[in-house]
Amino acid sequence: MASQHRRRANLPASSTTRIVVAALAAFVLSATYYGVVVGTVWHELSGASADAFAPWQPIAQIIRNLVVAYALDYILLRTSAVGVLASLQISFRLWLGFQAMAIIGSVIHEGYPVILYCVHAFDALMTVAVMTICLRANLRKQAT
C-alpha cells in the first residue's frame, strides 16, 4: 500500500531519508552560524543570552526543519526541476517570496533591526540551499 502511494505521488523510495538528512544538515548549519559566525552580534541585537535556551528548543527546531524539508521536497518534485542548479533556482525564489518577505514584515511593522533581519534572512537562505542540495543531489545518483 505504501509503495502504491509513493508511485502515485512520484516520491522516490528514499524520500524520507533525504528529508531527515536535509533537516539535520540545516540544523547543524544554523547552529554553527548562530553559535560561531554571528553569535555575538545576534545576542546583542536580539537580547538573547546563550544560557537562555530551553532544552526543548533544539527538538522543536529539528521538527520545524523536518516540516520545511518535507514541503520543499514536495514542491521540488512537482516542478520537474532537473538537477541541483535548477532546484536551487526554484528554492531561491521560494526563499525570496516567502521567508525573506515574512521576516521583513518584522522590520516594517515591529521596528526589527535591519541587521538582525539580515542575520535571520541569510540563515534562512543558507538552510533552504543546504536542504535543496541534500534533497536533490542524491536523485542524480539514482537516475544514473
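Let's start with burial: a residue counts as buried under 20% relative accessible area, exposed over 50% and partly exposed in between, using a 1.4 Å probe and protein chains only. What you have above is a predicted model, where local features need pLDDT of at least 70 and side-chain atom pairs count only at pLDDT 80 or more, while totals for chains, interfaces and linings use all residues. Residues are numbered from 1 along each chain as its sequence is written, and side-chain values use heavy atoms, with hydrogens and water left out.

Now the overall layout. The protein has 6 helices and 0 strands, with helices (H or I, at least four residues) and strands (E, at least two) taken as DSSP runs and numbered from the N terminus. Along the sequence that reads α-α-α-α-α-α. Of its 144 residues, 32% count as buried. The protein exposes about 8800 Å², and carbon and sulfur atoms supply 68% of that; these areas come from the Shrake-Rupley method with a 1.4 Å probe, and for residues only the protein chains shown count as cover. Take contact to mean heavy atoms within 4.5 Å. Among contacts between residues at least 6 apart in sequence, 76% join residues at least 24 apart.

Zoom in on α4, which covers residues 56-79. This helix has 24 residues and reaches 35 Å from its first C-alpha to its last, close to the 34 Å expected at 1.5 Å a residue. The expected span is 1.5 Å times one less than the number of residues. Its buried residues are Asn65, Ala69, Leu72, Asp73, Leu76 and Leu77. Just after α4, serine 80 takes a positive phi of about 60 degrees.

Of its 17 residues, Ala22, Ala69, Leu72, Trp95, Tyr117, Met131 and Leu135 touch the most other members. Helices α2 (15-37), α4, α5 (83-110) and α6 each supply at least two residues of this core, and α6 gives the most, with 7 residues. Leaving aside neighbours within four places in sequence, alanine 22 is in contact with Ala69, Met131, Cys134 and Leu135. There is also a second, separate core of 5 residues, which includes Tyr34, Val38, Val119 and Met126.

On to the rings. Rings of Phe, Tyr and Trp (its six-membered ring) pair if their centres lie within 6.5 Å; planes under 30 degrees apart count as stacked, over 60 as edge-to-face and the rest as tilted. The whole structure holds 4 aromatic pairs. Tyrosine 33 and tyrosine 34 have ring centres 5.2 Å apart and planes at 70 degrees, so this pair is edge-to-face. Both tyrosine 33 and tyrosine 34 are buried, and together with Phe122 they form one aromatic cluster.

Back on α4, tyrosine 70 and tyrosine 74 sit 4 residues apart, about one turn of the helix. Their pair is tilted, at 6.4 Å centre to centre with 35 degrees between the planes. Both are partly exposed: tyrosine 70 has a relative accessible area of 48%, and tyrosine 74 has 40%. Arginine 78 lies over the face of tyrosine 74, at 3.8 Å from the ring centre; the criterion is NZ of Lys or CZ of Arg within 6 Å of the ring centre and within 35 degrees of the ring normal.

Methods
Core = buried A, V, L, I, M, F, W, Y, C linked by side-chain atoms within 4.5 Å.
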